[in-house]
Amino acid sequence: MHVDTIVHNLLRRQDEIVDNLCDFLRIPSVSTDPAFIGGMRDAQTFLVNWLERMGLSDVQLLDGGGHPAIYGAWNGAPGKPTLLIYGHYDVQPPDPLEAWVTPPFEPTVRDGRLYARGASDVKGSTVIALETIAAFLKVRGACPVNVKVFLEGEEETNSPSLRAIVEQYGDLLQADGMISADGARAHPEIPTINVGSRGIVEFEISLRTAEKDVHSGRYGGAVRNAVHEMARIIASLHDEDGAIAIPGLLAALPPVSLNARAETARFLFDAVAFVKDVGAHAHGEHGFSMREQLTLRPALDVNGMWGGHTGVGYKTVIPSTAHAKLSLRTVPGQDPDEVLNALEAHLRAVCPPDVELSIDDPGTGCRAFDLPTGHPLVLAAKKVLFEATGQEPVLVRLGATIPITVIFQELLGVQTLMFGFALPDEDIHAPNEFFRLASLAEGLSAWPRLLEKVGELSADGFRLIATKDNKARP
């Protein structure tokens with residue numbers, strides 16, 4: 001049976017698939033807020049039941065100490081590659097509720113867009129992947145490859161239990177490669193393939209300048225103010241252009257290759273519109289294009305800073321403590337532990353000796369990710385996208401971080417192709433998040449063809465290509 005039959009079946013069933021997606025979107029599966037634990041459990045039940053109805057075997061929850069992942073397998077293609085199929089069922093909190101045009105957990109279609117929390121990130125693309133597997137099993141009676149579905153419940157909280165899950169269930173999760181429904185397309189018209197992403201290091205710093213807050217009339221001008229000291233330390237992190245100003249942080253960073261810059265330049269990117277869309281102004285490291293700044297260079301940001309009185313009215317105190325949360329997006333060549341050591345060394349060097357400095361590392365850091373451009377999943381995706389669009393796909397890197405890519409690579413030796421169908425403007429993590437119904441159709445057409453293309457290889461052939469010494473990078 002030709003793969004077109006599978007695609008036509010999926011496209012004929014789009015209304016049914018949208019209804020199923022809406023049922024999924026109605027479940028408030030917010031992983032970061034304990035108030036939504038019921039929604040997380042409902043999502044687990046929904047997905048377990050779905051995988052069982054599809055005909056997957058060994059369906060179970062994989063518990064790593066937090067929100068469990070959901071697993072199910074189909075191993076009926078002997079001699080063919082085994083692929084992990086990744087998605088996540090958790091979503092961001094819906095706040096602020098008053099900014100939503102329609103309720104965040106009541107899916108609504110307007111102008112060809114499906115609005116709901118999680119529609120774009122990443123329930124829409126996850127449903128595409130699951131419906132593809134279900135269609136192969138129902139219509140053809142078999143998938144072109146062996147599949148192991150892995151649906152995470154903590155992606156939106158930087159995957160704190162993922163390492164524990166992979167370590168505990170490593171034998172169950174052995175595979176030749178992974179296709180992720182997460183990792184959006186970079187452009188609505190230009191076909192792109194994600195071959196890497198930045199890593200991340202997160203930490204919080206706190207300062208103490210006195211045993212307690214004091215009256216600014218009695219002590220003002222005579223003692224240190226913790227908020228002043230925090231502002232001075234934060235200001236030392238960047239130069240006036242916005243480039244990182246910590247030599248030890250960049251010392252071991254390899255230079256950006258000409259190949260990487262050339263591939264980045266192939267992707268059409270309107271820097272003026274990019275910042276205008278959010279009412280911002282360009283500000284960053286000189287000598288690099290904005291797209292290079294976003295994907296090929298590290299970025300250190302203050303995500304929040306507070307201290308003293310921040311409530312209504314005035315309180316004339318000198319704060320004794322101040323706090324800040326920071327994150328660093330890393331690039332290949334940067335080790336998270338070395339980065340954190342360099343940051344700590346800088347912070348202690350610029351902090352006055354009579355100010356107490358503490359640094360809290362939550363342990364959620366992960367390296368940047370690289371997918372070799374000669375990997376069989378990349379080659380298959382290139383063919384599928386070229387046949388669908390008539391355009392040669394552009395290889396791009398993400399500025400964001402997808403922890404699963406690095407964790408599966410480090411612990412299982414599994415490389416990940418990100419094949420999501422969300423688009424950058426769909427207000428993920430913000431009010432009025434949406435997913436285009438046109439993207440649903442595109443994904444339902446592309447995913448079956450991708451699995452079919454990979455299934456043209458034997459397991460041995462897949463592994464042979466994957467292990468070739470192809471270190472080319474975009």
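Start by selecting Arg 436. Its relative accessibility is 19%, and since anything under 20% is called buried, Arg 436 counts as buried. You'll find Arg 436 in strand S18. Now show what is around this side chain: leaving out residues up to four places away in sequence, Arg 436 touches Gly 112, Arg 113, Leu 423, Asp 425 and Glu 426.

Before going on, remember that you are looking at a predicted model. The average over the protein chain is 95, and 99% of the residues score at least 70. Now pick out residues 470–474, where the pLDDT is below 50. That stretch has 15 contacts in the model beyond its near neighbours in sequence.

Select Asp 427 next. Asp 427 sits in the loop that links strand S17 (416–418) to strand S18 (434–436). Check its backbone: phi is positive, about 55°, although Asp 427 is not a glycine. That is worth a look because most residues other than glycine have a negative phi. Is Asp 427 buried, partly exposed or exposed? With a relative accessibility of 36%, Asp 427 counts as partly exposed.

Asn 158 also has a positive phi, near 65°, and is a residue other than glycine. To find Asn 158, go to the loop between strand S6 (146–152) and helix H5 (162–168). Its relative accessible area is 24%, so Asn 158 is partly exposed.

**Stop three: cis peptide bonds**

Now for some backbone spotting. Most peptide bonds are trans. Zoom in on the link from Asp 95 to Pro 96, though, and you'll see a cis peptide bond, with omega near -5°. Pro 96 belongs to the loop between strand S3 (82–88) and strand S4 (108–110).

Then jump to Asp 121 and Val 122, which are also joined by a cis peptide bond, with omega about -5°. What kind of element holds Val 122? A helix: Val 122 is in H4, residues 119–140.

**Stop four: H13 and H15**

Time for helices. Two packed helices are described by the angle between their axes and the distance between the axes. Select helix H13 (residues 376–389) and helix H15 (residues 437–454): they pack at an angle of about 135°, with their axes 9 Å apart. H13 and H15 are therefore oblique to each other. The crossing of H13 past H15 is right-handed.

Show the side chains where they meet. H13 brings Leu 377, Ala 380, Ala 381, Lys 383, Val 384 and Glu 387, while H15 brings Ala 446, Arg 449, Leu 450, Lys 453 and Val 454. Sorted by class, the contact has seven nonpolar residues, four charged ones and no polar ones.

**Stop five: H2 and H3**

For a second pair, select helix H2 (residues 14–25) and helix H3 (residues 37–54). Their axes come within 10 Å and cross at roughly 150°. That makes H2 roughly antiparallel to H3. On the H2 side, look for Asn 20, Asp 23 and Phe 24; they meet Phe 46, Leu 47 and Trp 50 in H3. The residues of this contact divide into four nonpolar, one polar and one charged.

**Stop six: two buried residues**

Select Leu 10, in helix H1 (residues 3–12). How exposed or buried is Leu 10? Its relative accessible area is 0%, so Leu 10 is buried. Apart from residues up to four places away in sequence, Leu 10 touches Ile 17, Glu 131, Thr 132, Ala 135, Leu 444 and Pro 448. Now draw a distance from Leu 10 to Phe 288: these two are 278 residues apart in sequence, and their C-alpha atoms are 43 Å apart.

Finish at Ile 190, in the loop between strand S7 (177–180) and strand S8 (192–197). Ile 190 is buried, with a relative accessible area of 13%. Beyond its neighbours within four places in sequence, Ile 190 is in contact with Leu 268, Gln 391 and Val 394. Draw one more distance, from Ile 190 to Thr 389: they are 199 residues apart in sequence, with 8.4 Å from C-alpha to C-alpha.

Notes: Residues numbered from 1 in each chain as written. Predicted model: local features only at pLDDT ≥ 70, side-chain atom pairs only at ≥ 80, totals over all residues. Heavy atoms only, no water. Helix = DSSP H or I, 4+ residues; strand = E, 2+ residues; numbered from the N terminus. Buried < 20%, exposed > 50% of the residue type's maximum accessible area, 1.4 Å probe, protein only. Contact = heavy atoms within 4.5 Å. pLDDT = per-residue confidence, 0-100. Axes fitted to C-alpha atoms, helices over the stretch in contact; angles between N-to-C directions. Parallel < 35°, antiparallel > 145°, perpendicular 65-115°, else oblique. Left-handed = near helix turned anticlockwise from the far one by under 90°. Nonpolar A, V, L, I, M, F, W, Y, C, P; charged D, E, K, R; others polar.
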